Amino acid sequence: MALLEIRDLSKVYQRDSQAIAVFEDIDLDIDTGEFLVLMGPSGSGKTTLLNLIAGLDEPSSGTITVGGLEVTAMSRRQLAAWRSNHVGFIFQLYNLLPVLTAYQNVELPLLLTHLSKKERREHVMTALEVVGLSDRADHFPRQLSGGQEQRVAIGRAIVSDPSLILADEPTGDLDAKSADEILTLMQRLNREFSKTILLVTHDQRAAERGEAIMHLDKGVLTR
Amino acid sequence: MKYAGLVWVNLTRNKRRTILTLLSVAAALFLFVSLRSVTTTLDDARQVGSESRMAVRNAISIVFPLPESYRSWLATVPGVRRVTWGNWFHGVYRDRRDFFPSFAVDVDSYFDVYPEMVVPEDQEQAFMRERTAALVGTGLIERFGWRLGQTINMTSLIYSPDRAWPFTIRAVYTPLPGWTDEAFYFHYDYLYEMVDWVQPGWYILELEDPSAAATVAATIDAHYENSRFGTRTETERAFQAGLVSMYGNVGLLINAVGIAVFFAILLVAANAMMMSARERASEVAVLKTLGFSDRLLFGLVLAEAAVITVSGGLLGVLLAKLLFETTGFQLMGLLPGFEVKLRTAALGILIAVVLGLISGLVPAWQAARLPVARTLRRVA
């Protein structure tokens, strides 16, 4: 059963009087519990597609449905609420808030819920244990290595137990060893915790960790 | 409350900027509250005076005198119980900056009309007996360390400024509430003896019935309408307001300065908030990705601005209140009864809140409307 359904999706940027199409009329289905890798050269629109799925950008046309909810029909306010409940986002540059500790960074999505402080603590510590950083809860990002920072970011992405995890080049800024650890962690999230993952990368070794690979090039999406 | 931590860490992210902004708001509010207190004190001064007393002054201006001959006729006006008179001496003791109000008055009649000054019997008699005697308020005794029997030399900015005027302090009055404790009184006869061209600066009438004030004023002013020295008769409060207006349009000036201060600090606070918000654009984009709504982010940025300005405002207002109350500040006697009133303090806090809301509005709006995808692309 498809968790994510994309139909006839187009994204066209307007630069002065010139219309630049990133992709046109693409379709994509991702099943629940699938680990799909999206590859393609720089500028092919991989990140744009991720942003559209997360409701961070608006498509020119087409529909995106996640778990039966049409993301493309939601208001900004509905999208914010939907993201906090259903989507975990992992960035290439981790994007942790430098003034918050690892614990506080992971706790951020839970501030939007009705959980008590004690419940939030339990969730955060569980997430930190999953990513193997429960002993670094009080460390600030500057006190962590790149790989550890990315693990904190993954903890933040999974703490609210989202159905869909979107990862944009999560190993792009890491050395080979750290990248391998991150990919192993993502595989574990997919296999042990049944998370549906869409991983964007142009690294073939990272792509091999997924269950299926798709290519986006010159506006065309192929398996 | 769960977002308070976020607001706090953002405020402490650049401590120096936050503290400097807070201090500049505190300084501005201190200034505002101080200036505002000057106007409220002047307003209060306009309210001083009894309803049963009227003042008769020269119709042209209070700086022009009235003939001594008016006294006997004024006493015959129906409704007038007593008449007395006085002159502005503009005395200086040691230094011009040590200002206090000084008057030459008709000692035989003046204090019957002004029961607001309580003088011990023996001191009053000593004061009445001696032509160069002075009656001073307790505030002046405290301020200059004078004592009974001490002779002091003063000069006058009006009467022979180069001449020294010796006075012997023979009596000290304790004011009733609302009356200044920093006034200096001496014999009109002494002034007349030294300056033979002097004439009364104004007459004070004590009325039998305050409700007759309008009739009494109309009678007197009509009587002298075609005289060389026309009169203007008014209630003591109006007269007091005229004296206060001799400071010039201080209220307008002070309000203008207050508004200028407000806008200057608004720009400072707004600039600091804009810088802070601009530096964190990528973090705001990340928070949006996590599900923080536009409204929530708007509120968080606005709260940051409000915390800075309200804290600064509280600090400035408290500082002004404590400083002026503990030092008994009266601007060298120019502003007896000077105080930071509660309503002035409340106005200061209100302005700090408004300042926070206005200065935080633009960065809060920018944070709420931040395009996530474009901002994240810029960072990557």
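The model is predicted, so local features need pLDDT of at least 70 and side-chain atom pairs count only at pLDDT 80 or more, while totals for chains, interfaces and linings use all residues. Residues are numbered from 1 along each chain as its sequence is written, with chains lettered from A and ligands numbered from 1 in the order in which they are written.

Chain A has an open sheet of 4 strands in the order S2-S1-S4-S5, with antiparallel pairing. Strands here are DSSP runs of E with at least two residues, helices are runs of H or I with at least four, and both are numbered from the N terminus; two strands pair if DSSP finds at least two bridges between them. Strands S2 (18-31) and S5 (69-70) of chain A sit at the edges with a single partner strand each, so one side of each has no neighbour in the sheet. Strand S1 (residues 2-15) of chain A runs antiparallel to S2(A), joined to it by 10 bridges. In S2(A), A:Asp29 is what stands opposite A:Glu5.

A second open sheet in chain A takes 6 strands, ordered S6-S7-S8-S3-S9-S10, and its pairing is mixed. Its twist averages 20 degrees from one strand to the next (angles run from 0 to 180 degrees between N-to-C directions, with axes fitted to C-alpha atoms, for helices over the stretch in contact). Strands S7 (residues 164-168) and S8 (residues 196-200) of chain A run parallel and share 5 bridges, and A:Ala167 stands opposite A:Leu199 in S8(A).

Over in chain B, there are 14 helices and 11 strands. The axes of helices H12 (residues 294-327) and H13 (residues 342-368) of chain B come within 7 Å and cross at roughly 155 degrees.

As for the meeting of the chains, 21 residues of chain A are in contact with 18 residues of chain B, where contact means C-beta atoms, placed from the backbone, within 7 Å. Helix H2 (residues 76-86) of chain A gives the largest share of chain A's side, 6 residues. By class, that side has 13 nonpolar, 4 polar and 4 charged residues (nonpolar: Ala, Val, Leu, Ile, Met, Phe, Trp, Tyr, Cys and Pro; charged: Asp, Glu, Lys and Arg; polar: the others, Gly among them).

Technical notes:
Two residues are in contact if their C-beta atoms, placed from the backbone, lie within 7 Å.
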